[in-house]
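Welcome to this short tour. Please have your viewer open, with the cartoon and the residue labels ready to hand.

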Amino acid sequence: MSRILQPQPSAWLVFLIIVHTGSGVSANIPPSPTVLDQRLAAVRDLLVHLDRSRQLLVLTCWSPAVRYALWQTVREATGAARFVRFAAVDEHQLPWHDRDQHQIVTVVDLSCPGTDSLLESATQLLYYRVRWIVLQSALEAGTAKGWKNCTEYPLLERLPLLISNELFYYCTDPSTGRHLVRQLYRLSAGTSSPPGPVYEEFGVWESQSGIRVAPPTVRPPVTSVRRQNFQQFQLRASLVVLHNETLNHLDDLHDKHIDTISRVNYQLTKSVAHALNATVRFSIVDSWGYRDPHTDRFNGMVGELQSDLADLGGTSMFFTQDRIKTVDFLSMTTSTRASFVFRAPKLSFTDNVFVLPFDQYVWYCTVSFILLSGLLLLVVLRTERRYKVSAGGDNSTSTATGLSDTLLNVFGTTCQQGSFIEPKTAPSRCLILLCLVVLMFLYASYSANIVALIQSPSTKIQTLEDLLASRLKTGAEDTVYNRYYFRHETEPIRKALYERKMRNKDGTENFLPLAQGVELVRQGHYAFHVEKGVGYKLISETFQEEEKCGLQEVEYLKVIEPYYAVQKNSSFREPVRINLFKLREFGVQGRENTLLYTKKPRCVGGSSFIPVSIVDVWPALVTLGWGYFLTITMLLGEQLWVRVRVRILPAEGYFQQ
């Protein structure tokens, strides 16, 4: 048989057929040609409409001849090779971990022993990703005849055929006698939970013409689009609320900076329920949910989704690696992030403004000019002294000058202090005049830049490394997620930021109320980690116009924007996701975010005059201090040297010298 079923090399998919003969199993159903053709035709005609299916898994007790005929029929009908696999009626044969579950169509025959137990053990495979074709022929006096009536399927009414299932079964309408392809779904796994089971007619099957499907205008082909009426079914949503007062203002804009993300998603959850013709019941929790490493269970909202206490995560949450295995993330509903927000400090707070006016090459040229001018002036003065050249016939000997004198003279000229050396000849006068003119332009440019730089904000703090190295103090809003992420961060820079700037030496932590943190930002030299849309609301209300200029942000959390979540492998996943996308496309999501979130305030008032403080002139004071220190050190050194020489050398010889 394996040689007969071997596909040709030109086939674009490999066929694997595992033949189960089973002792005495297929002998219960005689090989009637009419019945066999009817079964094969039913599977073939339905596969034509299931275009996403590429694999066929047949879990029946059919004989090898019937299986081979099915393979040939499917191949001829679809016009292409399919991956067909035959196996025994056993739950271990189900595609529990197949990565291509969405392409598998499983065929079962209720007339085969063990099929009932197989379907009851399938659980989530009945409504998640896998498609099913269920057949059952009526038996009369040992011969198979037709399909059973549509009312004779009690097993299907007991199975958890939730709203996302794609299980098709054949039956005969007792009133009209037509062979129908039907589907059955319910909104809750409990058989007695309202509303009751909903029956859908996929099409009418005829042995000659195949399946006649209702027009697309009447019946949309996609299951998640077609089943949008939940008939007032009550959805369970978990909502994170950190302040009890928020429960009184979920539907208004009072104190909209408190629990903003929950209030936005509260409105979107109600809109989704309205679009699905469902009701929603909210359960209130005080945490998004974090994993306990000992029990591997989550608390908060994720814990309720994990424990089947909620269907929807009513508050969007961060997309983290440990939550991917527990919940399904659907759509980004809140365009906000948490960052360190701070007023850009003055440039003198992060840099030495006295070295910034000139580029490094200008500094090189300036120093070179001073040295060269000092050397040339020394040469000219030495020449004048050697030849006793003077202006106006004055042949008096000029005072002897050295290199230190000329360099000090040029340096004084650079600082616009004039020249203490009186030039006697035209060359020396031209040289000093040239130095005065050139250095005057440099001095004017330097002074103008210093004034501008003292009033300029710094843009040096752009990353967490810059923030860690800066002198800014840091704090964070006192929320559950801030405390969790700051305390459990393992990345070196973020961990160092928490240990060196967020945690004090006495063991306290800089987790502050929102209003207090924003006030510290207004006072300056403070970075506050807060949800941006929330923080900007208070900033817009409490800051002066000039204080709104220069606001900067540095991100700390390594997460993307918050996402809406549902239970893992939930049957409501696709209907909810589609309606969330609709809310975004229709502008409802944008409206809720605009009403409750505040954007970064614009700088319209310009910057006010900033008085010069100690930090602005600190480099100059440090230079002056070092100058005093060196002067005193040299003075003490000279005095010590004189005393040593007095003691070592004879007094007469020393004074004679």
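Which residue stands opposite His179 in S8? Select that pair and you will find Thr172 facing His179. Keep in mind as you look around that this is a predicted model.

**First stop: a hairpin.** Now select strand S7, residues 166–172, together with S8: the two run antiparallel and are joined by 4 bridges. Between the strands of this hairpin lie 6 residues. Pick out Gly177 there, which has a positive phi near 80 degrees.

Colour residues 179–185 to show S8, a mostly covered strand with 6 of its 7 residues buried.

Move on to a sheet of 5 strands with mixed pairing, and follow its order, S17-S16-S18-S15-S19. At the edges are S17 (511–512) and S19 (551–555), each pairing on one side only. Select S15, residues 338–343, alongside S19: here 5 bridges join two antiparallel strands. Within this pairing, Phe342 has Gln552 in S19 as its bridge partner.

**Last stop: a helix across the sheet.** Finally, show helix H15, residues 492–502, which lies across S15, S16 and S17. Turn the view until you can compare H15 with S16 (473–477): the helix runs at about 105 degrees to that strand.

Key. Residues numbered from 1 in each chain as written. Predicted model: local features only at pLDDT ≥ 70, side-chain atom pairs only at ≥ 80, totals over all residues. Heavy atoms only, no water. Buried < 20%, exposed > 50% of the residue type's maximum accessible area, 1.4 Å probe, protein only. Pairing = 2+ DSSP bridges. Contact = heavy atoms within 4.5 Å. Axes fitted to C-alpha atoms, helices over the stretch in contact; angles between N-to-C directions.
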